[in-house]
Amino acid sequence: MPADLILHGGPIFGVEGADALAVRCKRVLAVGPAPDVLRLKGPETSLVPLRGRAVLPGFFDAHTHFIRVGLEQAFYVELRTAKSLAEALDRLRGAAAHREGWVVGRGWDESRWPEKRYLERSDLDRAVPRQPCYAMRVDGHMLAANTLALARCTRPEGEFVDRDLGHLREDAAWDLVRAARPDRETLIEAVAAASRHAASLGVTAVGDMAGSDHLGLYQAALRRGTLNTRVFVYPPADLLPSLRAVGLGRGFGSSLLAIQGVKAFADGSVGARTAALGAPYRGGQGTGQLLVERDALARLWREAEEAGLQLAVHAIGDRAIEEVLSAAELARVGPHARHRIEHLELPSPSQLDRVVSLSLVASMQPNFLQWSGPGGMYVERLGPERDSRIDPHREVLARGIPLAFGSDGMPMGPLYGIGLALDPPHPPQRVSWSESVRAYTEGAAYAAGAEKELGTIARGKRADLVVLSGDPARTPWGELEVDLTFLGGERVYSREATP
Ligand SMILES: [Zn+2]
């Protein structure tokens with residue numbers, strides 16, 4: 001039986017001496033020197049000449065929020081690239097003029113603005129006076145709302161609710177996000193938009209830190225044939241009792257949509273000053289908040305393990321990481337469960353040693369390096385000493401901790417994230433391009449228990465592939481683009497085909 005597809009004439013990542021690969025029935029049939037592989041050509045085989053361009057395994061974004069990524073393409077007002085507070089307000093004002101109902105902005109980042117302050121209620125009341133409006137900060141842990149939107153907030157004033165400034169944090173923020181939720185059709189369309197966007201970035205699989213009702217939306221997209229990304233879903237840990245009740249364990253689903261585990265939070269974010277720190281934020285503004293107790297987390301850990309599900313715990317600050325490690329020790333988590341710490345931003349060296357003993361996976365986001373270094377948000381919030389220790393990818397790899405890279409959707413895009421990891425502000429953050437690619441492919445597949453099928457280019461594995469515009473061994477990383485993306489041997493993106 002001849003091959004369905006042959007790519008030839010360029011380096012194949014991770015396979016020494018190979019410059020061609022063949023695909024049959026959605027899987028890699030052969031990898032090796034072109035003369036050998038081209039023998040598998042038949043009359044129907046499509047040929048892709050690489051002309052020196054490298055083939056990588058499809059990128060696997062280990063931690064993202066897929067439907068949010070899709071909504072950002074169409075529904076939300078994009079504020080991440082706003083260069084000032086005034087520009088962010090202009091964009092919201094402009095969007096309000098063209099729609100009825102909620103106006104939702106996402107991704108503002110005051111650390112990049114000349115005004116250097118959070119959006120506030122009074123700003124939003126001026127920009128959007130007649131519709132409910134909120135704007136989520138880039139980290140997703142804090143939002144600013146206008147007066148009409150705040151009327152929906154039923155929580156008492158306190159550490160998560162500041163009505164004067166219009167600031168809602170953590171659970172209080174998520175309540176409002178739910179109140180402003182787009183309709184089901186928009187959400188199903190967002191899955192399709194996210195999948196198209198992912199393909200254009202070379203992403204063929206994601207670990208999705210999902211909302212509790214996202215599975216139904218994915219299923220709808222799957223039925224319509226608009227889901228062309230492998231989604232490994234991690235719903236919120238509150239669903240664990242229901243998942244246990246029906247006996248769903250990790251891997252349940254299909255090759256495109258599977259339940260892998262559940263997600264819990266130990267703290268918030270540095271940007272929203274809710275990450276739990278051992279020492280106060282710079283300027284004496286508290287030490288953030290722990291969102292879970294050690295005993296409760298240990299119980300959750302045991303229950304997840306009994307259910308055969310991974311637990312992925314969000315922990316950013318050193319105090320949150322301490323709590324998570326102590327809970328894992330208390331629960332005596334096993335090495336086979338492959339539990340994950342999400343973000344792991346400010347670990348101490350001894351905490352990293354404990355990550356090794358517990359066989360936890362480090363799920364980290366090199367995108368966060370955009371806020372590290374002189375003049376960056378981490379220096380402003382944490383001071384230069386803690387900034388120099390944040391996101392220590394090198395220290396993680398040096399200990400042999402399994403490292404999975406993801407984007408957290410800030411923004412999605414492995415080429416961007418890897419670019420930051422190669423050239424970071426501080427040495428403990430530096431990794432090579434091939435180590436980064438591994439973390440964004442093999443490492444992420446391992447983190448989702450999918451390394452037998454995905455993450456490397458090898459005979460028998462699924463033919464999820466990316467062709468870059470050059471060879472990273474010869475071309476500066478920042479000049480590379482994604483030329484082609486294949487999912488199971490099917491072309492799901494071609495740069496030439498896009499206008
Ligand atoms: Zn996240």
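How many residues of strand β9 (residues 133-137) are buried? Of its 5 residues, 5 are buried, and the strand is thus described as mostly covered; a residue is called buried if 20 or more other C-beta atoms lie within 10 Å of its own, exposed if 12 or fewer, and partly exposed in between, with C-beta atoms placed from the backbone. This is a predicted model, in which local features need pLDDT of at least 70 and side-chain atom pairs count only at pLDDT 80 or more, while totals for chains, interfaces and linings use all residues. Residues are numbered from 1 along each chain as its sequence is written.

Figure 1. The secondary structure comes to 18 helices and 24 strands, where helices (H or I, at least four residues) and strands (E, at least two) are DSSP runs numbered from the N terminus. The radius of gyration of the protein chain is 23 Å, close to the 23 Å that the globule rule gives for 499 residues, so the chain is as compact as a globular protein of that length; the radius is taken over C-alpha atoms, and the rule is 2.2 Å times the number of residues to the power 0.38. Along the principal axes, the C-alpha atoms fill a box of roughly 70 × 55 × 50 Å, and 54% of the 499 residues count as buried. The chain is divided into domain 1 (5-57 + 459-497), domain 2 (76-179) and domain 3 (184-447), with bounds that come from an automatic or database domain assignment. The C-alpha centres of domain 1 and domain 2 lie 44 Å apart.

**Figure 2. Strand β9 and its two partners.** In β9, the residues C133, A135 and R137 point one way, whereas Y134 and M136 point the other way, and all of them are buried. Strand β8 (residues 103-108) runs parallel to β9 and is joined to it by 5 bridges, two strands being paired if DSSP finds at least two bridges between them. Within this pairing, R106 stands opposite M136. The chain passes from β8 through helix α4 (residues 121-127) to β9 in a right-handed β-α-β crossover, a term which means that, with the strands pointing away from the viewer, the path from the first strand over the helix to the second runs clockwise. Strand β10 (residues 142-145) is antiparallel to β9 and joined to it by 3 bridges, and L143 in β10 is the bridge partner of M136. The hairpin of β9 and β10 has 4 residues between the strands, and G140 in its turn has a positive phi of about 75°.

Figure 3. Strand β2 (residues 20-24) has 4 of its 5 residues buried, so it is largely enclosed by the rest of the structure. Strand β1 (residues 5-8) is joined to β2 by 4 bridges in the antiparallel sense, with H8 standing opposite A20. A further 5 bridges join β2 to strand β3 (residues 27-32), again antiparallel, and R27 in β3 is the bridge partner of R24. The hairpin of β2 and β3 has 2 residues between the strands, and there C25 takes a positive phi near 50°.

**Figure 4. An open sheet of four strands.** The order of the 4 strands is β5-β22-β23-β24, with antiparallel pairing. At the edges lie β5 (55-57) and β24 (490-494), each of which pairs on one side only. Between β23 (residues 482-487) and β24 there are 4 bridges, and L484 has S494 in β24 as its bridge partner.

Figure 5. In helix α16 (residues 414-422), the buried residues are P414, G417, I418, G419, A421 and L422. Their cover includes β6 (59-64), β13 (203-209), α15 (393-398), β21 (403-405) and α17 (433-439). In the loop between β21 and α16 is P411, and the peptide bond from M410 to P411 is cis, with omega near -15°.

**Figure 6. Two arginines with positive phi.** R51 lies in the loop between β4 (46-49) and β5, and its phi is near 50°, a positive value in a residue other than glycine. R51 counts as exposed because it has 9 C-beta neighbours inside 10 Å. R332 is found in the loop between α11 (318-331) and β19 (340-343) and has a positive phi of about 50° although it is not a glycine. With 11 C-beta neighbours inside 10 Å, R332 counts as exposed.

How values were computed. Two residues are in contact if their C-beta atoms, placed from the backbone, lie within 7 Å.
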